[in-house]
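Okay, thanks everyone, I've got one structure to walk you through today.

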Amino acid sequence: MILQQIVQEIENKGIGELEQGRYLKQLRVLMQLRNLEKRSIKNMALTGKIFVEEKDILYIRGEINGEIKGKMEIAQELKKEGLSNEFIAKTTKLSIQEIEAL
């Protein structure tokens, strides 16, 4: 509840969007440093003020890692079926070296 009040005060200051963004980023870092419980962070994420997932580097990195993991799992299944590494590479967009390493 206090976090929402802080966000509200930042919004009511009458400052520009860029400066608001800086304050909100600082608040986010403070939340992470203080190891606030996940529920508090999740509630703030739902407001969309502090956490803009599409712009968050950790979100982007996780998304990329998830895509790669998915491609690797598909490649493993295709390899089990006896398909050629070239076909698997073309289908999954993985390199031949990545497929051979499986």
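Predicted model: local features only at pLDDT ≥ 70, side-chain atom pairs only at ≥ 80, totals over all residues.

So, the largest nonpolar core here has 6 residues: Ala75, Leu78, Ile88, Ala89, Leu94 and Ile99. By nonpolar core I mean buried Ala, Val, Leu, Ile, Met, Phe, Trp, Tyr and Cys residues joined through side-chain atoms within 4.5 Å, and buried is under 20% relative accessible area, with exposed over 50% and partly exposed in between, using a 1.4 Å probe on protein chains only. The elements giving two or more residues to this core are α4 and α5. There's also a second, separate core of 5 residues, including Val7, Ile10, Leu27 and Met31.

Residues are numbered from 1 along each chain as its sequence is written, and side-chain values use heavy atoms, leaving out hydrogens and water.

How confident is the predictor? Mean pLDDT, the per-residue confidence from 0 to 100, is 79 for the protein, and 75% of its residues reach 70 or more. Confidence is lowest in helix α3, residues 38–47, at a mean of 59, and highest in helix α5, residues 85–92, at 93.

Overall, we've got 6 helices and 0 strands; those are DSSP runs numbered from the N terminus, H or I for at least four residues for helices, E for at least two for strands. Of the 102 residues, 20% count as buried.

Now, helix α4, residues 57–80. Its 24 residues should span 34 Å at 1.5 Å a residue, and the end C-alpha atoms are 35 Å apart, so that agrees; the expected span is 1.5 Å times one less than the number of residues. Just after α4, Gly82 takes a positive phi of about 85 degrees.

Leaving aside neighbours within four places in sequence, Leu78 is in contact (heavy atoms within 4.5 Å) with Leu83, Ile88, Thr91 and Thr92.

A polar atom of the Thr92 side chain lies 2.7 Å from the backbone oxygen of Ile88. Again skipping neighbours within four places, Thr92 touches Lys71, Ile74, Ala75, Leu78 and Ile99.

That's my tour, happy to take questions.

Conventions
pLDDT = per-residue confidence, 0-100. Polar contact = N/O pair within 3.5 Å; in protein donor to acceptor, adjacent residues only side chain to side chain.
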